[in-house]
Amino acid sequence: MVPCEVNGAIQGNCRLSIVFTDPSVIDDCSFHPCVRYTRYDRERVILFVPPDGQFELMHYRVEVQQLMPPIYCQPSHHMPTLVANSVKKASNAEEITVEMTFPTSIRTVDANTDAGKCLFDDSTKTLKWTVGKINPKKILTPTLKGHIVLQQGAAIPESSNSMDEKPIVLLGFKVPMTTVSGLTVETLVLSNERYKPYKGVRTLSKAGRFQIRT
């Protein structure tokens, strides 16, 4: 499910209409109450009077034949390594983060990295690795290394068959000016305006709930 957010400041009772280049890729869509659905159902034009502030204009599904994220996380001995699917896509990714939640049998984690910074929260048993942006000229595969200290009397995680004893890795990233669905805006028309505002469309792809089990 892909959300489409709108953020802008428009004065007065202005109307916006959006026409997509190929609306046929949209499936199972739901709109904000401000959208006039009859117009979309008839002409595939999204016509609405935007409310104040930021809001989600619509949710929709798309069928993607082959989706490759710009990076993926490869856990090794409960410590992750980021691997680029392609140098170009990886270098475009921003705000890259990796979060690992360890079981209660772990007392603390002493970790270090060759890219970004990492911090372990003893209360939540969560290790957060903030990578930021990958610079392929310096490090193409950022790596996190460290030591795991168990609680006294706790079993070694490798010897446990319980899924609760295996940390879950959450990978987060954003890729600006990219759409996973390939959906693009053909026209954006503003009517009933009393001035000439700046109009622009920016796209952003986010990781969503990208979970990796070790």
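Two strands pair if DSSP finds at least two bridges between them. The legends below describe close-up views of a predicted model.

**Figure 1. Strand β2 and its pairing with β14.** Strand β2, residues 15-20, is joined to β14 by 6 bridges, and the two run antiparallel. Within this pairing, Ser17 stands opposite Val189 of β14. In general, the strands of a sheet pair through backbone hydrogen bonds, in either a parallel or an antiparallel manner.

**Figure 2. The open sheet β4-β2-β14.** Three strands make up an open sheet, arranged in the order β4-β2-β14 with antiparallel pairing. From one strand to the next, the twist averages 10°.

**Figure 3. The largest nonpolar core.** This core comprises 24 residues, of which Leu82, Ile96, Val98, Leu127 and Leu171 touch the most other members. At least two core residues are supplied by each of the strands β6 (71-76), β8 (94-101), β9 (106-113), β11 (126-132) and β13 (168-176). The strand that gives the most is β13, with 4 residues. Apart from this core lies another, of 17 residues, which includes Leu16, Tyr40, Ile46 and Met58. Nonpolar side chains tend to be buried together in soluble globular proteins.

**Figure 4. The surroundings of Ile96.** When residues up to four places away in sequence are not counted, Ile96 touches Ile71, Leu82, Trp129, Thr130, Val131, Gly132, Ile134, Leu171, Gly172 and Phe173. Two of these contacts, Leu82 and Leu171, are named together with Ile96 among the core residues that touch the most other members.

Figure 5. Arg39 pairs with Glu43, their closest N and O atoms being 2.9 Å apart. Both residues belong to helix α1 (residues 37-43), where they lie 4 residues apart, about one turn of the helix. Glu43 also forms a salt bridge with Arg42, with the closest N and O atoms 3.4 Å apart. Arg39 counts as partly exposed at 26% relative accessibility, as does Glu43 at 38%. Arg42, at 58% relative accessibility, counts as exposed because the cut-off for that class is over 50%.

**Figure 6. The salt bridge between Lys174 and Glu95.** The closest N and O atoms of this salt bridge are 3.4 Å apart. Lys174 lies in strand β13 and Glu95 in strand β8, so the pair ties together parts that are 79 residues apart in sequence. Lys174 is partly exposed, with a relative accessible area of 28%; Glu95 is also partly exposed, at 49%.

Figure 7. Most residues other than glycine have a negative phi. Arg44, although not a glycine, has a positive phi of about 60°. Arg44 is located in the loop between α1 and β4 and counts as partly exposed, with 35% relative accessibility. Glu95 is likewise not a glycine, yet has a positive phi of about 50°. In contrast to the loop position of Arg44, Glu95 has its place in strand β8.

Terms used
Residues numbered from 1 in each chain as written. Predicted model: local features only at pLDDT ≥ 70, side-chain atom pairs only at ≥ 80, totals over all residues. Heavy atoms only, no water. Axes fitted to C-alpha atoms, helices over the stretch in contact; angles between N-to-C directions. Core = buried A, V, L, I, M, F, W, Y, C linked by side-chain atoms within 4.5 Å. Buried < 20%, exposed > 50% of the residue type's maximum accessible area, 1.4 Å probe, protein only. Contact = heavy atoms within 4.5 Å. Salt bridge = Lys/Arg side-chain N within 4 Å of Asp/Glu carboxyl O.
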